[in-house]
Amino acid sequence: MSLLLSLQLLLLFLLVISSLIACGLQVQAPAQQSRGRPFHKIYAFGDSFTDTGNTGNANGPSGFGHVSNPPYGMTFFHHPTNRYSDGRLVIDFVAEALSLPYLPPYRNVVVDTSKGGPGSRISGTSSSSGGVNFAVAGSTAINHDFFVKNNLTLDMTPESILTQLVWFNRYLEGNEGCKGAAYSRPCEVAFREALVWVGEIGVNDYAYTIGSSVAWDTVQKLAIDTVVAFLDSLLRMGARYMVVQGLPPTGCLPLAMFLAGEDEKDDIGCVKRANDQTGAHNTVLQLKLNHLRNKYPRALILYADYWNAYRAVMKSPPSRYGFTERFKACCGSSDSPYNFSPFATCGTPSARACQKPSQYINWDGVHLTEAMYGVVSNMFLTGNFSHPPFNSLLASAAIDN
């Protein structure tokens, strides 16, 4: 065999091997990508614990009306982003874990449904390819009309979870052709690779009725019934994968500690009455979620246990998570033991931020630090504080998608 023929055969052999390898890579790459990204978008709802920018100084809760000012955003983004924290929120860590971009607020992704159907989106300031965040700071579960009838609208945000549902329907109609409350093929497509994340909602309902004649059990029933109706609407349209956060132990927030004074404390030093209230709310909410699971057996509905995750952090030694300040706000006024004053909230000229937010659980008296949000999100995603575990949701989505 001549040298030239041998070289030709060798080159042919190499070309064949290269083609086989290339074909193998072309076949495997989509599968690897699918395994790595079971969800291609997130639809998020909730209040200021989840809001990534639907409110700002001009339209946020007046009690915390300086979210557009420094030092908000100082830790991660290094400038205010209208997130009520020094950096990222739980929903931001969820997006990172799923290899998705941070969710743009709905108000930055304007939708025009006048034409009806796909393609009618007006160009907004953000891309919505990875999902949209509909959460609103100060939002309630109960419809705003209830608070109007009870003369409780002073300094409150008018949007509720039902407002967010209206926005969501408008977005789906304009971008996905998903119209109406019933299941349809366009709606199935819209939800097929989407995770629905419902952040905590209901804390503001209790807060707005403090000192009023409205009983807390009335608030509980109306709030939970409204949230369940909201979830039912999404499931009826075709939502398959859903995470619903419970309420945190609000008696541990500096605002609650400031208002309660020497009120009775629970086993972790927080306001017992407030924690009992949110704990009871979560118990009923979980029962209602079981009813929804039975009604929609094809859907996977996960409960993220904010209350017990937060308590677990509070009970842990500082060495575990690095939190040396459990009750003080990082950003606020030193006029009280909790570094909080309603007259000098974070973002005002009188307020100051701590040097090391990562050592604080609380950021501004109500909202948490990026460090705490990071710990809690990890407990949801990889720990024992999601029921069923988040991994089971990922596995199911990977098979379906």
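1. Start at Thr50, which lies in the loop between strand S1 and helix H2. The model is a predicted one. Thr50 is buried, and its relative accessible area is 3%. Buried here means under 20%, so a value of 3% puts Thr50 in that class.

2. What does Thr50 touch, once its neighbours within four places in sequence are left aside? Its contacts include Ala44 and Phe45, and both of these point out from S1. Leu89, Ile91, Asn133 and Ala135 are also among the contacts of Thr50. Gly199 and Glu200 complete the list. Check one distance too: the C-alpha atoms of Thr50 and Arg88 are separated by 9.7 Å. Thr50 and Arg88 are 38 residues apart along the chain.

3. Next, strand S1 itself. S1 covers residues 41-45. Is the strand mostly covered or mostly open? Mostly covered: five of its five residues are buried. Lys41, Tyr43 and Phe45 point one way from S1. Ile42 and Ala44 point the other way. Note that Lys41 is buried along with the rest.

4. S1 has strand partners in S2 and S3. Three bridges join S1 to S2, and these two strands run parallel. Five bridges join S1 to S3, again in parallel. Ile42 has a bridge partner in each: Gly131 in S2 and Leu195 in S3. Tyr43 has Val132 as its bridge partner in S2.

5. Now the whole sheet. It is open and has six strands, in the order S2-S1-S3-S4-S5-S10. The pairing is mixed. Strand S2 (131-133) and strand S10 (386-387) stand at the edges. Each has a single partner strand, so one side of each is left without a neighbour in the sheet.

6. Two helices to inspect against this sheet are H7 and H13. Helix H7 (residues 216-237) packs on the sheet and touches S1, strand S3 (194-198), strand S4 (241-245) and strand S5 (300-304). The direction of H7 makes about 170 degrees with that of S4. Helix H13 (residues 390-400) lies across S3, S4, S5 and S10. H13 runs at about 160 degrees to S4.

7. H7 also packs with helix H4 (residues 161-176), at an angle of about 15 degrees and with the axes 10 Å apart. Angles under 35 degrees count as roughly parallel, and H4 and H7 are therefore roughly parallel to each other. H4 passes H7 in a left-handed crossing. From H4, the contact uses Ile161, Leu162, Leu165, Phe168, Asn169 and Leu172. From H7, it uses Thr226, Phe230, Ser233, Leu234 and Met237. By class, the residues of this contact are eight nonpolar, three polar and no charged.

8. Last, the pair H2 and H12. Helix H2 (residues 90-97) and helix H12 (residues 370-381) pack at about 55 degrees, with their axes 8 Å apart. That angle makes H2 oblique to H12. The crossing of H2 past H12 is right-handed. H2 supplies Val90, Phe93, Val94 and Ala97. H12 supplies Glu370, Tyr373, Gly374, Val376, Ser377, Phe380 and Leu381. How do the residues of this contact divide by class? There are eight nonpolar, two polar and one charged.

How values were computed. Residues are numbered from 1 along each chain as its sequence is written. This is a predicted model: local features need pLDDT of at least 70, side-chain atom pairs count only at pLDDT 80 or more; totals for chains, interfaces and linings use all residues. Side-chain values use heavy atoms; hydrogens and water are left out. Two strands pair if DSSP finds at least two bridges between them. Helices (H or I, at least four residues) and strands (E, at least two) are DSSP runs, numbered from the N terminus. Contact means heavy atoms within 4.5 Å. Axes are lines fitted to C-alpha atoms, for helices over the stretch in contact, and angles run from 0 to 180 degrees between N-to-C directions. Angles under 35 degrees count as roughly parallel, over 145 as roughly antiparallel, 65 to 115 as roughly perpendicular and the rest as oblique. A crossing is left-handed if the near helix is turned anticlockwise from the far one by less than a right angle, and right-handed if clockwise. Ala, Val, Leu, Ile, Met, Phe, Trp, Tyr, Cys and Pro count as nonpolar, Asp, Glu, Lys and Arg as charged, and the others, Gly among them, as polar. Buried means under 20% relative accessible area, exposed over 50%, partly exposed in between (1.4 Å probe, protein chains only).
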